[in-house]
Amino acid sequence: MATYVVLVNELLRRLNEVTLDVAGDGFGTVRNVQALAKDAINNSIRNILQTGQEWPFLKTTQTQTLVAGTRQYDFPADYSRADWQTFYIKKLTSVDNSPMSLPTISYEEYIQRYRHYDDTGDQTGISAPTLIYQTDEAKFGVTPIPDQAYEIEYIYYKFPADLSAFSDTAIIPDRFKHVLIDGAMMYMMRFRSNDQSAAVHQGNFESGIKSMRRILVDEPLRVRSTVVDRLNSSNQVLGRVL
């Protein structure tokens with residue numbers, strides 16, 4: 001992955017402007033076009049990330065250690081969206097629980113079908129959780145209330161902070177660096193009031209993002225047959241083999 005100063009310098013070269021010291025000397029105090037170039041790089045990254053929350057390079061595996069008697073848990077500070085199909089409770093050796101995937105339900109279903117069990121059960125903990133429920137906040141809940149320090153693993157999509165230090169690494173893969181630079185050029189051309197050039201770079205930028213989505217996000221169409229072979233199925237039920 002390219003560093004912040006490398007990206008800024010590539011942008012400045014495209015603009016035929018003076019580049020910055022790759023060792024970072026004076027990077028934090030630059031002004032004028034160099035400062036605008038720094039902003040343009042971050043704006044371009046932000047724009048790419050906001051076109052979709054499910055970029056594979058945003059995936060992060062998180063392990064949450066539960067606390068006995070605690071129902072809800074915060075997602076990490078850089079949380080954008082959870083993959084609700086990936087929650088998994090690990091085996092805890094001290095209690096010999098069964099490791100398994102944990103289905104997710106809505107908060108409304110939790111209220112209607114499960115909360116009264118938690119409210120009337122032991123508030124210090126009931127057992128190993130078997131369900132995850134969504135909340136209206138950046139949290140998830142577990143039910144039944146845990147009675148031990150179980151570990152739950154899940155995947156979430158993060159939204160990283162802006163690049164700041166010269167050595168910060170961009171999250172966009174290097175093979176799509178040209179897309180990032182096209183976006184930054186669009187912002188720089190708008191600053192220079194060059195609407196024609198800005199429109200050209202905007203077209204390249206949007207086309208590049210579509211290519212990224214096609215390569216990284218969009219899955220090929222998969223079709224599963226639901227045809228039932230009644231003859232073979234009947235024979236199997238009856239124990240016959242043709």
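Helices here are DSSP runs of H or I with at least four residues, and strands are E runs of at least two, both numbered from the N terminus. Gly203, for instance, is found in helix α6. The model is a predicted one, in which local features need pLDDT of at least 70 and side-chain atom pairs count only at pLDDT 80 or more, while totals for chains, interfaces and linings use all residues. Residues are numbered from 1 along each chain as its sequence is written, and side-chain values use heavy atoms, with hydrogens and water left out.

First, the overall picture. The protein's secondary structure comes to seven helices and eight strands. Its C-alpha trace spans about 75 × 60 × 35 Å along the principal axes. The radius of gyration (taken over C-alpha atoms) is set against a globule rule of 2.2 Å times the number of residues to the power 0.38. For 242 residues a compact globule would come out near 18 Å, but the protein has 26 Å. Of the 242 residues, 36% are buried, where buried means under 20% relative accessible area, exposed over 50% and partly exposed in between, using a 1.4 Å probe and protein chains only.

Contacts (heavy atoms within 4.5 Å) come next. Among those in the protein with a separation of 6 or more, 70% are between residues 24 or more positions apart. As for charges, Lys and Arg count as positive and Asp and Glu as negative, with His and the chain ends not counted. Each charge is placed at NZ of Lys, CZ of Arg, CG of Asp or CD of Glu. On that basis, the mean positions of the 25 positive and 29 negative charges are 6 Å apart.

Now for the inside. A nonpolar core is a set of buried Ala, Val, Leu, Ile, Met, Phe, Trp, Tyr and Cys residues joined through side-chain atoms within 4.5 Å. The largest such core has 39 residues, and Leu11, Ile41, Ile48, Trp55 and Ile172 are those with the most contacts inside it. Helices α1 (4-14), α2 (32-50), α5 (177-191) and α6 each supply at least two residues of this core, and α5 gives the largest share, eight residues. Apart from this core lies another, of 16 residues, among them Ile89, Ile132, Val142 and Ile152. In soluble globular proteins, nonpolar side chains tend to be buried together.

Trp55 is worth a look on its own. Leaving aside residues up to four places away in sequence, Trp55 touches Ile48, Leu49, Tyr157, Ile209, Met212, Arg213, Leu216 and Val217. On α1, the buried residues are Tyr4, Val5, Leu7, Val8, Asn9, Leu11 and Leu12, and they pack against α2 and α5. Just after α1, Asn16 takes a positive phi of about 60°.

Helix α6 (residues 195-216) also holds His201. His201 counts as buried because its relative accessibility is 11%. Not counting residues up to four places away in sequence, His201 touches Arg14, Asp182, Met185, Met186 and Met189. Gly203 is partly exposed, with a relative accessible area of 35%.

Ser193, in the loop between α5 and α6, has phi near 60°, a positive value in a residue other than glycine. At 57% relative accessibility, Ser193 is classed as exposed. Asp96 also has a positive phi, near 60°, and sits in the loop between β3 and β4 (100-101). With a relative accessible area of 54%, Asp96 is exposed too. A cis peptide bond joins Thr143 and Pro144, with omega about -5°; Pro144 is in the loop between β7 (139-143) and β8 (151-158).

Finally, there is Ala77, in the loop between β2 (72-74) and β3 (79-89). Ala77 is exposed, with a relative accessible area of 89%. Ala77 and Phe159 are 82 residues apart in sequence, yet 9.1 Å apart in space, C-alpha to C-alpha.
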